[in-house]
Amino acid sequence: MPRKRVAVLISGRGSNMASLIAAAKHDDYPAAIALVVSNRPDAAGLEHARGEGIATAVVDHTRFGKDREAFERALHDVLTANRIDLVCLAGFMRLLTPWLVGQWQGRMLNIHPALLPAFKGLHTHARALAAGVTTHGATVHFVSSEMDSGPIIAQAEVPVLAGDTPDTLAARVLEAEHRIYPQALRQVAGSKL
Ligand code: GRF
C-alpha cells in the first residue's frame, strides 16, 4: 500500500508534529509527512520542519480578517495542491467551520491534552487540577464539527501526582501525547480510508 501523504497543521511549538516526523522515518510506517502548514508565520515548529527537509506553508489567518471561510478555502487549496490524504492537527489553534471539517471527514485527526470527553477546550491541565481528578491524559480523535468531540482513536492515561502544577502535569501529558499520536496515525493510515 502506498504511504499516505500527511499534512500536519500547527500554530506554535510543534512538538507533536516532531513526534510524527520522527515516527514517519521508519520504513514500515504507513504515512509520510508531506507538508507542515502553520497559520502563524512565526510558529517555532516551521523551523524544525524545514530542518527535516519537509515542505512548509503559511496560511496566515490574519490576512483574511473575519472571513473564516476564505481562510479555510486557502488552507484547503494548499492541502489539495499537495495531494494530501490525511490531516493531523497538532496544536493548531483555529476553530474550524463545518465546511472544512466536512471536506476532511474521516481524514482529519486532532490531539487533545485531556481524556475526552472530560475537559474539552483550553487550559485542560489547570482545570483537571482544580477538579481534583487523580487520572488525566491525552486523546487522539477524528475531527467533527463540534469541538473536541469526534470519534476517539487512541487515549493514554497519566497519573496526577501530589504537588503537580499545570506545568508539571502538562509535561507528563505531553510525553503521552508524543507516544499516542504516532500510534493513532499509524492505525488510521494503515487502514483503508
Ligand atoms: C498539545 O498539548 C496538544 O495536545 C494541544 O496543543 C499542544 C500543542 O503542543 N492541542 P505542540 O505544539 O505539539 O508542542
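By class, 15 nonpolar, 15 polar and five charged residues make up the lining of the largest pocket. The model is a predicted one, so treat every value below as computed from it.

**Stop 1: the pocket.** Begin with the space itself. The largest pocket has a volume of about 990 Å³. Select Gly91, Phe92, Met93, Ile111 and Leu122: of the 35 residues that line the pocket, these are the closest to its centre. Next, colour α1, β5, α5 (124–131) and α6 (166–189), the elements that each give two or more residues to the lining. Which of them gives the most? Select α6, which contributes four residues to the lining of the largest pocket, the most of any element.

**Stop 2: the ligand.** Now show the ligand, which sits in the largest pocket. The elements that give two or more residues to the shell around the ligand are α1 (15–23) and β5 (108–112). To display the whole shell, select Arg13, Gly14, Ser15, Asn16, Gly91, Ile111, His112, Pro113 and Glu177. By class, this shell holds two charged, five polar and two nonpolar residues.

Stop 3: Zoom in on Arg13 and draw a distance from its side chain. A polar atom there lies 2.5 Å from an oxygen atom of the ligand. Move to Asn16 and look at the backbone instead of the side chain: a polar backbone atom is 2.9 Å from an oxygen atom of the ligand. Then go to Ile111, where a backbone N or O atom lies 3.2 Å from a nitrogen atom of the ligand. How much of the ligand does the protein bury? Taken alone, the ligand exposes 370 Å², and the protein buries 84% of that.

**Stop 4: a cis peptide bond.** Follow the chain past β5 into the loop between β5 and α5, where Pro117 lies. Select Leu116 together with Pro117 and look at the peptide bond that joins them: it is cis, with omega about 10°.

Stop 5: Is the phi of Arg83 positive or negative? Arg83 is not a glycine, yet its phi is positive, at about 50°.

Key: Residues numbered from 1 in each chain as written. Predicted model: local features only at pLDDT ≥ 70, side-chain atom pairs only at ≥ 80, totals over all residues. Heavy atoms only, no water. Near = heavy atom within 4 Å. Polar contact = N/O pair within 3.5 Å; in protein donor to acceptor, adjacent residues only side chain to side chain. Areas by Shrake-Rupley, 256 points an atom, 1.4 Å probe, with all protein chains shown as cover. 1 Å grid on protein atoms, 1.4 Å probe; cavity = no way out; pocket = protein on both sides within 12 Å on 5 of 7 lines; lining within 4 Å. Sits in = over half its atoms within 2 Å of the grid points. Nonpolar A, V, L, I, M, F, W, Y, C, P; charged D, E, K, R; others polar. Points joined across faces, edges and corners; volume = space filled by probe spheres on them.
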